[in-house]
Amino acid sequence: MDNFPEIMTEEELVQYLRIPEISNSKNFHNVVEHLKKFRGLPRIHICRKALYPKKAILEWMEKETVAGK
């Protein structure tokens, strides 16, 4: 995962999170919107475009990780 930029576009984020491999959705934008709305996916806005800092995404994934029993 080191080949991803420090600040990702939505398309790069989709690949980083491997959404095409795990989602049955035909529209990956909807998956990202769901994660933003219901799971607090971190992002910043520059020129009205959402961008996703890799460090914040990694911290978010750590926080969202649930340990199973």
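## Basis

The model is predicted: local features need pLDDT of at least 70, side-chain atom pairs count only at pLDDT 80 or more, and totals for chains, interfaces and linings use all residues. Numbering starts from 1 along each chain as its sequence is written, and side-chain values use heavy atoms, with hydrogens and water left out.

## Overall fold

The protein chain has four helices and three strands. Both are DSSP runs numbered from the N terminus: helices are H or I with at least four residues, strands E with at least two. From the N terminus, the order is β-α-α-α-β-β-α. The radius of gyration, taken over C-alpha atoms, is 12 Å. Along its principal axes, the C-alpha trace spans about 45 × 25 × 25 Å.

Of the 69 residues, 30% count as buried. Buried means under 20% relative accessible area, exposed over 50%, and partly exposed in between (1.4 Å probe, protein chains only). Contact means heavy atoms within 4.5 Å. Of the contacts with a separation of 6 or more, 39% come from residues 24 or more positions apart.

## K36 in helix 3

K36 sits in helix 3, residues 28-39. K36 counts as buried because its relative accessibility is 13%. Its side chain makes a polar contact of 2.8 Å with the side chain of E33. Such a contact is a pair of N or O atoms within 3.5 Å; within protein, one must be able to donate a hydrogen and the other to accept it, and residues adjacent in sequence count only if both atoms are side-chain atoms. Leaving aside neighbours within four places in sequence, K36 touches L41, R43, A50 and Y52.

## L51 and I44

L51 belongs to strand 3, residues 49-53. At 14% relative accessible area, L51 is buried. Leaving aside neighbours within four places in sequence, its contacts are I7, M8, T9, R43, I44 and I46.

I44 lies in strand 2, residues 44-46. I44 is partly exposed because its relative accessible area is 33%.

How values were computed: The radius of gyration is taken over C-alpha atoms; the globule rule is 2.2 Å times the number of residues to the power 0.38.
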